[in-house]
Amino acid sequence: MDTDWAQLSPAEKKEERFNVWRTSTGVKFSSPAAETKFKQRVERFIAAYQVRKGDRVPVSLNIGATPAYLAGSDLHTVMYDYEKAKDIWIKFNQDFDMDTLASPGMVLPRRVYDLLDYKLYSWPGHGLSTSANGIQFIEGEYMKADEYDALMRNPSDWWQRVYMPRVFGAFQSFKFLQPLTNIIELPATHFMPYSRPDVQASIKALIDVGNELSRWMKVTGEFGKWALEAGYPMSRGGMAKAPFDTLGDTLRGTKGIVSDMYRQPEKLLEALDVIAEIPIAQTLASANASKAYMVMFPLHKGADGFMSQKQFDKFYWPSLKKVILALVNEGIIPMLFAEGSYDSRLGSVNEFSKGDVTWLFDKTDMARAKKILGSTCCISGNIPSSLLITGTAKEAKEYCRKLIEVCAPGGGFILSAGAGVDNANPDNIRAVMAAAKEYGVYRK
């Protein structure tokens, strides 16, 4: 992106990001067919994101750890054996030839989490049996009700010296550190905590984490090179959270955030406005460094049934909209993953121009989503994970046919599951692709 970025419109910035995604300069494709598929895959998705017709409906399946189980392995093994994960995922992509790349990078390196002694998750071999096929979130009140002012006064300092010692066992000693903003001219005494053995152990843990991540990144880099040469465009994106979910998921917890809506609503609203600036700054920096075109938001506590529409309009949507608009202005497409149902929210979130955002729905009525959002937003999702795991190929293909008939007209539809699928039936994966190729072709 060598243009004068500040002078571009949001639409022009988005097109520049798409052009980076399209670029295959320097890639030595494994065959002419791989190069053709690379170009087709990119344009197929760009058309959907821009709410227009491509050659056919694209397919995007988050198949989780399915490749491991199909290879006779399990999630625990591939989380720790990076080379084995790479080999397994290469074979899976070769066998299924989907529109999107299934990447072992989605199976995070759990050795890193071991080193950090991370409290927010349990995973196979750490809080769960090694035979478990998923991870579990451990909710807690990691921020107290009376800590809003401290958080808002200096979020970075509060995160380092209060939050991190609570959620990372490796960093409990950070509570003894002094705020870096205390250093004015004579810094020596402010660094005294670093003489403590427990603080030094925490710093050593950070070095160990860095070394482990280097090993993981080397293997995922090798996988990425193979993927490009095989004709899979590398996804250029990141992840962020709604400010309300940042507070409600990982800081205050569900009980705490619900109490705050009633007991200190103004303080909560003030904090949401402050927290909104964090994903804006972080996400833009990351997206610009990687030339990303998309950022995914897993939306949790805004779903139907968690709060009233009045509460959604007051507490959830305004701060999230602020983040969304900041990204849209930079040409980045927010992918809003509406976990649970968003049937009652569809009317109030239809505030964006054509192609600005894309929605991934879990259990939302897709016909209603198409009617309300379909002329301006790309929509996807709603294939039940249970169907892909326990259903027959015939049932999966028929379900997809109905989704395509309802959602594909006019473009702007991606055939996708409503959530990740960690142990899908391979016949059903093929059935989804077959449905897109048979029923999802756009006639010129």
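The legends below accompany close-up views of a predicted model.

In this predicted model, local features need pLDDT of at least 70 and side-chain atom pairs count only at pLDDT 80 or more, while totals for chains, interfaces and linings use all residues. Residues are numbered from 1 along each chain as its sequence is written, and side-chain values use heavy atoms, with hydrogens and water left out.

**View 1. Helix H12 and its packing partners.** Helices (H or I, at least four residues) and strands (E, at least two) are DSSP runs, numbered from the N terminus. H12 covers residues 265-290, and its 26 residues reach 37 Å from first C-alpha to last, close to the expected 38 Å; the expected span is 1.5 Å times one less than the number of residues. Among its buried residues are Leu268, Leu272, Pro279 and Leu284 (buried: under 20% relative accessible area, exposed over 50%, partly exposed in between, with a 1.4 Å probe and protein chains only). The buried residues of H12 pack against several elements, including helix H1 (10-22), helix H11 (253-263), strand S6 (294-299) and helix H13 (309-329). Look just after H12 for lysine 291, with a positive phi of about 60 degrees.

**View 2. Leucine 247 in the largest nonpolar core.** A nonpolar core is a set of buried Ala, Val, Leu, Ile, Met, Phe, Trp, Tyr and Cys residues joined through side-chain atoms within 4.5 Å. Of the 113 residues in this core, Trp89, Leu247, Trp359, Phe361, Phe413 and Leu415 touch the most other members. The largest share, 9 residues, comes from H13. Leaving aside residues up to four places away in sequence, leucine 247 touches Met143, Tyr148 and Ile257, among others, where contact means heavy atoms within 4.5 Å. Its partners also include Leu268, Ala271, Leu272 and Ile275.

**View 3. Strand S8 between its parallel partners, S7 and S9.** Two strands pair if DSSP finds at least two bridges between them. Strand S7 (residues 333-338) runs parallel to S8, joined by 4 bridges, and alanine 338 stands opposite phenylalanine 361. S8 also pairs in the parallel sense with strand S9 (residues 378-381), over 4 bridges, and here tryptophan 359 stands opposite isoleucine 379. Within S8 (residues 358-361), Thr358 and Leu360 point one way, Trp359 and Phe361 the other, and all are buried.

View 4. Strand S2 (residues 121-124) and S3 are parallel over 2 bridges, and tryptophan 123 stands opposite glycine 127.
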